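Dear colleague,

I am passing a structure on to you, together with some notes on what was found in it. Please look through it first and then read on.

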Amino acid sequence: MYLDIDLKERNKTAALSDLGNTITYGELVDVSGKIKDIIGERNLVFVLCRNTIDSLVGYISTVASSNVALLLGADTDNDLLDNLVRTYKPQYIWKPVSHEGFKQEDFECLYTYGDYKLVECSVDNKLNLHEDLALLLTTSGSTGSPKLVRQSYDNISSNAKAIASYLELDDRQKPITMLPMNYTYGLSVINSHLLVGGCILMTEYSYVQKQFWDFFKTQGSTSICGVPYTYEILKKMRFFRMELPTLEYMTQAGGKLIPELHKEFAQYAADKNIRFYVMYGQTEATARMSYLPHEQSLSKCGSIGIAIPGGEFSLIDDKGNNISSSNVTGELIYRGQNVTLGYATSSNDLQKGDERGGVLATGDMARRDEDGYYYIVGRKKRFLKIYGNRVNMDECENLLQGKYLDMECACVGIDDHMKIYVTKQELNEEILDYITGKTGLNRKAFEVIYIPEIPKNDSGKRIYSALS
């Protein structure tokens, strides 16, 4: 992977924290060697992640020493962590010194680095890990779920190279951590920049805090990354008025950006000579499958763009037939080296090899325009039948949020009855009039419900299961 660096790069800074701590590429190599001397190879290591250098060291050292890392948030509930330990039986855990631990007896500490320590679990068995397996991540939207995505060394490497290529990355880059490193998008930012010899600016401050932007400006960060919710908040913070002379590019993934917001940020980027990339990905494809070239950010507003270098898209109908015509909706299929090995739900699954063969049925419905650019329409399972009509709940959300920019909404329901949860009061009748006018369906099919806040996970995606 990216730790196979030239000796002349050993003294180059790999990461810098907001506390002034640094680590070089050479030091990363050295620590990885120490970890390997202590635990050997082909062990399962739980890495409890924070956006700190010490946490980064645990991830890099585990994967680079031919062990397998399961990345989890350090703030994950202890009961959920305990369940994962019982399910997957890791030999070791890399965790903050201050972490209170699990229900099992205290683990023996084998090594300490900064505010993190490597502990050995009381597990007798030796796991049989497939030789290609490098990394385990939780599936999108899950918290402590035993369902994991199995990623290979080739998955990580190929996706990092593709991302570095289309983002035009080089060793001058200084990305700042705006997303959790155990989230596939946040991790891909780290992987792709370490690949080219960049310096990761690591902070646990949120982008809504002054300290974050002080660190950003002082160190001259070159990029911003975020999910749709990030960009919604940035606009409310009057981001367009900020003076950020070192900002070279911005990326967005993790869900569909409202077209109006997409257009605003694309126009801002064009005016400031900044590159703005809208992207599309899933944990099941390591991180990213598509990008919208920054030159097309305005002309193809709302599009996820084209497949990443080395990848390929196609569309199929409900019978599995290939769709060759433009502007016809079908399920989006992706092919590429970054398609992961498959899922795991127990420790026995960690010995499995590639179950996908480089092909991923994304579960997303999309269309392709005449120029070959793709547009996500909604999730395959996010459809209702209302009075015999097939209605896409994602499209309904997009319609409403395009109309009411200062309101969030979420649509759930069963056939013939859609519930529309909104964060703005006293608009029920107006919303009903608008949505029935757009869909041409009877008002009785819709129910508008006010709630103060739409439930979301750490990456900003709506948690529909929390809405009954």
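In which helix is the place of threonine 230? Threonine 230 sits in helix H7, residues 228-236, where helices (H or I, at least four residues) and strands (E, at least two) are DSSP runs numbered from the N terminus. Please keep in mind that this is a predicted model, in which local features need pLDDT of at least 70 and side-chain atom pairs count only at pLDDT 80 or more, while totals for chains, interfaces and linings use all residues. Residues are numbered from 1 along each chain as its sequence is written, and side-chain values use heavy atoms, with hydrogens and water left out.

To stay with threonine 230 for a moment, its relative accessibility is 3%, and it therefore counts as buried (buried means under 20% relative accessible area, exposed over 50%, and partly exposed in between, with a 1.4 Å probe and protein chains only). Threonine 230 touches Met178, Tyr207 and Cys225, leaving aside residues up to four places away in sequence, where contact means heavy atoms within 4.5 Å. Tyrosine 207, one of these, is 23 residues from threonine 230 in sequence and 8.6 Å from it in space, C-alpha to C-alpha.

The largest nonpolar core has 65 residues, of which Trp213, Ile224, Phe239 and Met250 touch the most other members; such a core is a set of buried Ala, Val, Leu, Ile, Met, Phe, Trp, Tyr and Cys residues joined through side-chain atoms within 4.5 Å. The contacts of methionine 250, not counting residues up to four places away in sequence, include Ile224, Phe239, Phe265, Tyr268 and Arg275. Another core, of 34 residues, lies apart from it, and among its members are Leu28, Val45, Ile60 and Leu118.

Turning to the sheets, there is an open sheet of eight strands with mixed pairing, in the order S6-S7-S5-S3-S4-S8-S9-S18; two strands pair if DSSP finds at least two bridges between them. Its edge strands are S6 (108-113) and S18 (342-344), each of which pairs on one side only, and neighbouring strands of this sheet are turned against each other by 25 degrees on average, direction ignored. At one end of that order, S6 pairs with S7 (residues 116-120) in the antiparallel sense over five bridges, and tyrosine 111 has leucine 118 in S7 as its bridge partner.

Two helices lie across strands of this kind. Helix H2 (residues 53-64) lies across S3, S4, S5, S6, S7 and S8, running at about 160 degrees to S3, where axes are lines fitted to C-alpha atoms, for helices over the stretch in contact, and angles run from 0 to 180 degrees between N-to-C directions. Helix H4 lies across S8 and S9 (148-152), at about 75 degrees to S9.

H4 (residues 153-166) also meets helix H5 (residues 184-195), their axes coming within 8 Å and crossing at roughly 75 degrees. The two helices are therefore roughly perpendicular to each other (angles under 35 degrees count as roughly parallel, over 145 as roughly antiparallel, 65 to 115 as roughly perpendicular and the rest as oblique). The residues in this contact include Ile156 and Ile163 of H4 and Ser188 and Leu195 of H5.

Elsewhere, strand S17 (residues 330-335) is mostly covered, with five of its six residues buried. S17 is joined by five bridges to S16 (residues 312-316), the two running antiparallel, and it also pairs in the antiparallel sense with S19 (residues 359-368) over five bridges. Tyrosine 334 of S17 is the bridge partner of phenylalanine 313, and tyrosine 334 has leucine 360 in S19 as a bridge partner as well.

Lastly, some turns and loops may deserve a look. S21 and S22 form a hairpin with two residues between them, and tyrosine 387 in the turn has a positive phi of about 50 degrees. Serine 66, in the loop between H2 and S4, has a phi near 65 degrees, a positive value in a residue other than glycine, and at 24% relative accessibility it counts as partly exposed. Glutamate 426, in the loop between S24 and H10, likewise has a positive phi near 65 degrees, but at 79% relative accessibility it counts as exposed.

With best wishes
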